[in-house]
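Keep the viewer open while you read.

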Amino acid sequence: MERQQHARLDDLMRDPYPLYARARRAEGLTYVPELQAWLVARDADVREVLRRPDVFSSANAVRPDAVPSPAALAVLSQGQDDGGGPRRRVVVTSDGPAHQRLRAPIARGLSPARVAAVLPYVTERATALVDALAAAGPGGRGRPRVDVMEAYARRLPGQVIGRVLGFDPEDVPVVVRGGHSSEQLLFRPLPEDEQIAAARETVALRRLLEGYVQDRHAAPRDDLCSEMVTSLAPDDVDPDEGDPEAADAGPALTLGQRAELVAHLHNFLLAGHLTTTALIGTTLLHLLRHPAQWKLVCEEPERIPAAIEEAARYDTALQGFRRVTTRAVTLAGTELPAGAEVLVGFGSAGRDEGRYERPDVFDITRTPVARHVAFGLGAHGCPGAQLAREQLRVTLELFTRRFPGLRLAADGPPVRMRPTLIHRAPEALYVEW
């Protein structure tokens with residue numbers, strides 16, 4: 001029975017758009033048993049939820065879809081040095097003043113000036129990855145054929161977010177593996193041996209992050225990791241609450257501070273590189289599925305920003321976040337009690353017939369482009385949206401210039417979307433040129 005439920009959930013997540021269309025046509029909200037939540041499908045209703053965080057709390061924003069086995073949980077417990085304290089809130093699962101406190105250093109670290117400063121590195125790393133693609137060996141019928149997800153999309157965002165945080169480049173592979181493993185462990189029903197392996201990767205990431213937290217607390221630098229540590233764990237705690245052996249070296253981090261910072265960094269990494277990885281994959285997928293539009297963006301690169309926005313509207317990486325009601329409320333004519341779970345359908349809002357003409361058509365030339373909610377709205381609007389857009393811009397500028405003949409591989413496997421609503425992307429994307 002459980003396997004059948006997961007199979008139904010997988011099918012829904014691989015292609016949620018038929019469900020979205022039915023929900024937008026229905027009166028009120030639609031309850032989806034597979035998601036155990038009321039689906040907020042219409043653009044206006046999505047915006048209402050996002051503008052009322054006092055009523056629609058983010059406390060359950062990323063509730064896992066799978067429960068790890070006892071053996072995997074035992075491995076995970078090895079990486080939780082929090083003194084047995086409660087589960088730590090992170091920026092996407094907090095509200096009000098707590099959310100503002102956690103968000104502030106991220107917003108400063110991803111300011112327009114900080115993003116501009118990292119762009120030369122983005123271009124450098126993207127160019128190196130594209131050079132490696134260009135040197136790929138021949139695929140089917142003598143043409144180069146590569147999985148662009150593996151060779152590019154899963155690499156660039158991790159390298160960039162590592163740079164923004166100030167991590168050693170040698171540690172980035174641990175960050176990327178740990179991020180993907182954490183997501184799979186909590187959102188995919190894996191066999192126990194794979195759960196244990198994913199748990200070990202997650203623990204390795206946590207330990208790496210704890211090392212950076214301790215290091216930046218002792219010697220802050222000009223990077224986002226230091227910004228987060230110094231803002232969220234200022235040097236005014238009682239040394240007796242920290243590590244007694246480190247008291248002579250000055251105020252030490254408490255167990256609670258360490259646990260909060262590691263959880264906060266962990267969450268930031270998942271949002272900071274997995275979402276951008278997914279956006280790169282879906283943007284390339286839909287442009288290549290529409291060869292005339294790929295040709296147009298190659299010939300007129302000034303259309304790249306519009307192509308990015310259309311891809312985000314049409315098939316956004318973050319399809320939905322959960323919210324829970326703090327009190328009884330009526331939304332779209334549906335009465336919800338306190339404690340009701342809703343899924344805010346960003347992906348559905350992007351296809352709303354009431355806001356967009358021909359919403360199920362991918363068209364980079366559509367004008368005017370109504371503002372979408374693919375990057376959120378209001379208090380929880382994505383602070384990394386500009387950095388994500390810039391990575392997509394650099395990617396499309398390089399790919400259109402270097403591979404104008406790029407197309408989906410004729411003899412490649414059919415494109416399958418990953419069964420997730422938080423980082424929707426092709427599992428693999430084989431291309432040739």
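1. A term to start with: buried means under 20% relative accessible area, exposed means over 50%, and partly exposed is in between (1.4 Å probe, protein chains only). This is a predicted model, where local features need pLDDT of at least 70, side-chain atom pairs count only at pLDDT 80 or more, and totals for chains, interfaces and linings use all residues. Residues are numbered from 1 along each chain as its sequence is written, and side-chain values use heavy atoms, with hydrogens and water left out.

2. Which strands does β5 pair with? Pairing here takes at least two DSSP bridges between two strands. Strand β3 (residues 56-57) runs antiparallel to β5 and is joined to it by two bridges; Phe 56 has Thr 325 as its bridge partner. With β8 (residues 341-345), also antiparallel, there are five bridges, and Val 324 is partnered there by Glu 341.

3. Now the rings. Phe, Tyr and Trp rings (the six-membered one for Trp) pair if their centres lie within 6.5 Å; planes under 30 degrees apart count as stacked, over 60 as edge-to-face and the rest as tilted. The whole structure has eight aromatic pairs. One of them is Phe 321 with Phe 346: the centres are 6.5 Å apart and the planes at 75°, so this pair is edge-to-face. Phe 321 belongs to β5 and Phe 346 to helix α15 (residues 346-349), so the pair ties together parts 25 residues apart in sequence. Phe 321 counts as buried at 16% relative accessibility, and Phe 346 does too, at 4%.

4. Phe 403 and Trp 433 make a tilted pair, 4.7 Å centre to centre with 45° between the planes. Phe 403 is in the loop between α16 (385-402) and β9 (407-408), while Trp 433 is in the segment after β10 (430-432), 30 residues apart. Are they buried or partly exposed? Phe 403 is buried at 3%, whereas Trp 433 is partly exposed at 22%.

5. Last, check Arg 351. A charge sits over a ring if NZ of Lys or CZ of Arg is within 6 Å of the ring centre and within 35 degrees of the ring normal. Arg 351 lies over the face of Tyr 17, 3.8 Å from the ring centre, and its charged end also sits over the ring of Tyr 314, 4.0 Å from the centre.

How values were computed:
Helix = DSSP H or I, 4+ residues; strand = E, 2+ residues; numbered from the N terminus.
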